[in-house]
Amino acid sequence: MPSVIVTKVGAWIDSIRSPAWDWIQVEITTHCNAACIYCPRTVYRAQWTDRHMSMETLMGLIPALRRVGHVHLQGWGEPLLHPEFFQMVSLAHAAGCRVGTTTNGTLLEGDLASQIVDSGIEVVAVSVAGADAEGNDRFRSGAPLRRVMDGISALVRARNAAGVSHPEIHVAYMLLASQIDDLERIPSFLAGLGVQQVVISALDYVADQALEVEIIAPRNMGENRALRARFDAVVAEGEARGLGGHYHLDVAGERQPCCTENVQRAMVVASDGTVTPCVYTDLEIPGASFWRHGERRPCLRLGMGNVHREPLQTIWRKEAYRQFRRSFSRGPLVAQCQTCPKLYGN
């Protein structure tokens, strides 16, 4: 058989065997300069390990990244603290990926804003937890809303100065129960700032029992319909103002084996190289737990392998990982997933 045909056949076989993922979340650091009270990094600060992912680890992912639609550089830390953040963006782009990150917004100023624009990164999501400083700053220590909004403005100015449309600026809005009446303020709060999209999430991973009161969860289908109607109206108003919107809401009475973390076509690579199905199964803290309905439930790490020992594609094809993915259609789900708040349809 001529070598060119052999090469084409080999490439065809590899394309069949190689997985294609919608996205991979790469936790490039667990360091953070903020202390949001609902974050497990804050709750478990005494046991927390600060770590930057090495460039060697990321470079080892490159063969797999050629099969990924989007790489999101973010985990349980502040990505912009990584000293090689922009080299990592460049490597992911070289592999053909769309690249995004989520930041607390406190470092988006001056030269860094311009570097972000120059890097060509496609999406920058900025986290907030309130439509005013009083609300946000109560929960997001070290990430005051004024500084975050200044950071968004700096990024918009840098984008405009460069005459480009990237990055898209998204806002990851954490809506807490004590601030539910801020919901209708979100479109006016964000419209006209140069933000393209807002994703509204309710608190789901509750590491501190005292925060269980901040969960937004309808108790019956009547409350569910009424709350959904409010969220839908907010999204519609935002879209009328040029602001795209989505929301994630715990749905009473509609639980099903459907994970919003897209574990069938996505995964997380932790800063130490461990591969886990999602960020909620990434926590490596002994004794970590979360609270739901007054009950403390263990939060165990679910490592499927480590990219320092074997390629990502090999880990994905392991029988244990296959069985995990099949469990969402055949059951039973692993213990970590059975009580997870992400197990619902939206």
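## Sheet

In which sense do strand β7 and strand β8 pair, and over how many bridges? In this predicted model, β7 (residues 168-175) and β8 (residues 197-202) run parallel to one another, and six bridges join them.

Strands of a sheet pair through backbone hydrogen bonds, in either the parallel or the antiparallel sense.

A polar atom of its side chain lies 2.8 Å from the backbone nitrogen of histidine 308. Apart from neighbours within four places in sequence, asparagine 306 contacts Asp272, Gly273, Thr274 and Ile315.

## Helix α5

Helix α5 (residues 85-94) has Phe85, Met88, Val89 and Ala92 as its buried residues. These lie on the same side of α5, because they cover an arc of only 100° around the axis. An α-helix has 3.6 residues a turn, so residues three or four places apart point the same way.

The cover over the buried residues of α5 includes α3 (55-60), α4 (62-65), β3 (68-73), β4 (98-103) and α6 (110-119). After α5 comes glycine 96, with a positive phi near 95°.

## Nonpolar core

The largest nonpolar core has 107 residues, and those touching the most other members are Ile24, Val26, Leu65, Leu73, Tyr173, Ile200 and Leu312. Helix α8 (residues 145-162) is the biggest contributor to this core, giving eight residues.

For leucine 312, the contacts beyond four places in sequence are Trp21, Ile24, Leu61, Ala64, Met267, Val269, Val275 and Val307. In soluble globular proteins, nonpolar side chains tend to be buried together.

## Cysteines

The count of disulfides is zero. Cysteine 36 and cysteine 39 illustrate this: the cysteine sulfur closest to that of cysteine 36 is in cysteine 39, at 6.4 Å, which is too far for a bond. The cut-off for a disulfide is a sulfur pair within 2.5 Å.

Both residues are buried: cysteine 36 has a relative accessible area of 9%, and cysteine 39 is at 18% relative accessibility.

Notes: Residues numbered from 1 in each chain as written. Predicted model: local features only at pLDDT ≥ 70, side-chain atom pairs only at ≥ 80, totals over all residues. Heavy atoms only, no water. Pairing = 2+ DSSP bridges. Helix = DSSP H or I, 4+ residues; strand = E, 2+ residues; numbered from the N terminus. Buried < 20%, exposed > 50% of the residue type's maximum accessible area, 1.4 Å probe, protein only. Arc of directions from axis to C-beta. Contact = heavy atoms within 4.5 Å. Polar contact = N/O pair within 3.5 Å; in protein donor to acceptor, adjacent residues only side chain to side chain. Core = buried A, V, L, I, M, F, W, Y, C linked by side-chain atoms within 4.5 Å.
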